[in-house]
Amino acid sequence: LGAAARRAGAALDAESLAERARRAVASRRVSVRPAADGMAWLSILGPMKDVVGAFCALSAEEGRRHVVDPDLPAEQWDAAVAAARADTRGKGAWLADRALELLSGRAQGQPQPVEVSL
């Protein structure tokens, strides 16, 4: 019923629908909420195409994480294969780790510098 009402409203006043979409884009933001056990939620509210595009890029990179470059020199091949096999994280953990690496500019395992202003 709600979807039908939205379609009818869009058919009657398409310009107001476009204006509503423009206002929604202006409200994009990033937020943080605490979660249990020392965890937290990082949320990004943004245009659908941009958020889905970012998720697809992360997912595509995750799909290639165990692929070893066939052009690697022989002396690097064994190390690359060992590193790929050593990464036993699940897809969700890998996606979260990679997103945080990209957003923070830190490599995996690198400590997060913290400044406390009192």
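Q: Which classes of residue make up the lining of the largest pocket?
A: In this predicted model, the lining of the largest pocket has 18 nonpolar residues, together with two polar and three charged ones.

Q: And how much space lies in there?
A: The largest pocket holds about 940 Å³ of space, and of the 23 residues that line the pocket, the closest to its centre are Leu42, Leu95, Ala96, Ala99 and Leu103.

Q: Which helix or strand gives the most to that lining?
A: Helix H5 gives the most, with eight residues; strand S2 (40-45), helix H3 (48-63) and helix H5 (91-104) each supply at least two residues of the lining.

Q: Switching topic, what domains does the chain have?
A: The domain assignment gives domain 1, covering 1-45, and domain 2, covering 47-108, and the lining of the largest pocket draws at least three residues from each of these two domains.

Q: How many Å separate their centres?
A: Taken over C-alpha atoms, the centres of domain 1 and domain 2 are separated by 30 Å, while the contact takes four residues from domain 1 and four from domain 2.

Q: What area do they bury between them?
A: Domain 1 and domain 2 bury about 270 Å² between them, and 93% of that area is on carbon and sulfur atoms. On the domain 1 side, Val25, Leu42 and Ile44 lose the most area to domain 2, together accounting for 74% of what that side buries.

Q: How many salt bridges are there between the two domains?
A: The count of salt bridges between domain 1 and domain 2 is zero.

Methods
Residues are numbered from 1 along each chain as its sequence is written. This is a predicted model: local features need pLDDT of at least 70, side-chain atom pairs count only at pLDDT 80 or more; totals for chains, interfaces and linings use all residues. Side-chain values use heavy atoms; hydrogens and water are left out. On a 1 Å grid over the protein atoms alone, a cavity is a set of points where a 1.4 Å probe fits but cannot get out, and a pocket is an open set with protein on both sides within 12 Å along at least five of seven lines; lining residues have an atom within 4 Å of a point. Grid points are joined across faces, edges and corners, and a volume is the space filled by probe spheres set on the points. Helices (H or I, at least four residues) and strands (E, at least two) are DSSP runs, numbered from the N terminus. Ala, Val, Leu, Ile, Met, Phe, Trp, Tyr, Cys and Pro count as nonpolar, Asp, Glu, Lys and Arg as charged, and the others, Gly among them, as polar. Domain bounds come from an automatic or database domain assignment. Contact means heavy atoms within 4.5 Å. Buried area is the accessible area (1.4 Å probe) that two parts lose on being put together, summed over both. A salt bridge is a side-chain nitrogen of Lys or Arg within 4 Å of a carboxyl oxygen of Asp or Glu.
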